[in-house]
Structures are given as structure tokens and as C-alpha cells.
Amino acid sequence: TKGKEVIVSVKNGQIKINSFDQIMSSIKIYDLKGSLVYEKEKVEMKEFVIEDLILSNQFLIVMTQLENGKCLSQEIIFHD
């Protein structure tokens with residue numbers, strides 16, 4: 001996938017994050033109010049699944065830090 005370094009998808013209440021080129025170093029998820037609702041340091045993988053979020057259906061912002069220092073954000077709609 002050209003131009004997309006990180007893909008975030010939601011299915012069955014799980015958030016799946018795929019990084020194509022770089023290893024992910026950390027993941028933070030914020031709600032639209034800016035509150036941190038999830039944080040994972042030392043991810044050290046190219047694919048990561050979050051399956052234990054207890055959240056209602058809402059917009060979330062997924063911030064992914066890559067090993068090269070680049071930080072990417074993506075808005076998703078979370079639904080269970």
C-alpha cells in the first residue's frame with residue numbers, strides 16, 4: 001500500500017494496527033476530548049491487536065510512534 005505506512009482497522013470490537021515498513025514502538029489512543037483511553041509502550045511489532053477496550057461507539061484518534069521516530073495519527077470510528 002503506497003502512501004499508507006500504518007493501517008488501523010476496527011472489527012468485532014478489536015482495533016488492529018498494521019505497520020508496513022517500520023516496527024511500531026508505542027501506541028496511544030485518545031478520545032475526541034483528548035483523554036488518553038489506551039497506551040502501550042514497547043510494542044516492537046509490525047502488527048498489534050487491541051481487544052480489551054471497554055468503550056462505547058465513538059470516534060478515536062490512534063497515535064502510532066514508529067521506531068524511526070515518526071509519529072502518525074489516524075481517526076477511526078470504534079464500534080463493538
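Q: Is Glu39 buried, exposed or partly exposed?
A: Glu39 counts as partly exposed, because its relative accessibility is 41%. Bear in mind that this is a predicted model.

Q: Which residue does the side chain of Glu39 meet in a salt bridge?
A: That would be Lys28, with 3.7 Å from N to O. The pair links distant parts of the chain: Lys28 sits in strand β3 and Glu39 in strand β4, 11 residues apart.

Q: And how accessible is Lys28?
A: Lys28 has a relative accessible area of 26%, so it is partly exposed.

Q: Why would side chains like that pair up at all?
A: Side chains of opposite charge can pair when their charged atoms come close.

Q: How many salt bridges does the structure hold?
A: There are 2. Besides the Lys28 and Glu39 pair, the side chains of Glu5 and Lys70 meet at 2.8 Å, N to O. That pair also links distant parts of the chain, with Glu5 in the segment before β1 (6–11) and Lys70 in the loop between β6 (58–66) and β7, 65 residues apart.

Q: Let's zoom out. What does the secondary structure come to?
A: The chain has 7 strands and 0 helices. From the N terminus the elements run β-β-β-β-β-β-β. The radius of gyration is 12 Å, close to the 12 Å that the globule rule gives for 80 residues, so the chain is as compact as a globular protein of that length.

Q: What box do the C-alpha atoms fill?
A: Roughly 30 × 25 × 20 Å along the principal axes. Buried residues make up 34% of the 80 residues. Among contacts with a separation of 6 or more, 47% are between residues 24 or more positions apart.

Q: Switching to Asn18, is it buried or exposed?
A: Asn18 is buried, because its relative accessibility is 17% and the cut-off for buried is under 20%. Asn18 is in strand β2 (residues 14–19).

Q: What does the side chain of Asn18 join up with?
A: With the side chain of Glu47, in a polar contact of 3.0 Å. Leaving out residues up to four places away in sequence, Asn18 touches Glu5, Val6, Ile7, Lys46 and Glu47. Glu5 is also the salt-bridge partner of Lys70.

Q: And Glu41, what does that touch?
A: Ser25, Ser26 and Lys28, again not counting residues up to four places away. Glu41 lies in strand β4 (residues 36–45) and is partly exposed, with a relative accessible area of 42%.

Q: Last one: where is Gly34 found?
A: In the loop between β3 (24–31) and β4. Gly34 is partly exposed, with a relative accessible area of 46%. Gly34 and Met24 are 10 residues apart in sequence and 22 Å apart in space, C-alpha to C-alpha.

Definitions and conventions. Residues are numbered from 1 along each chain as its sequence is written. This is a predicted model: local features need pLDDT of at least 70, side-chain atom pairs count only at pLDDT 80 or more; totals for chains, interfaces and linings use all residues. Side-chain values use heavy atoms; hydrogens and water are left out. Helices (H or I, at least four residues) and strands (E, at least two) are DSSP runs, numbered from the N terminus. The radius of gyration is taken over C-alpha atoms; the globule rule is 2.2 Å times the number of residues to the power 0.38. Buried means under 20% relative accessible area, exposed over 50%, partly exposed in between (1.4 Å probe, protein chains only). Contact means heavy atoms within 4.5 Å. A polar contact is a pair of N or O atoms within 3.5 Å; within protein, one must be able to donate a hydrogen and the other to accept it, and residues adjacent in sequence count only if both atoms are side-chain atoms. A salt bridge is a side-chain nitrogen of Lys or Arg within 4 Å of a carboxyl oxygen of Asp or Glu.
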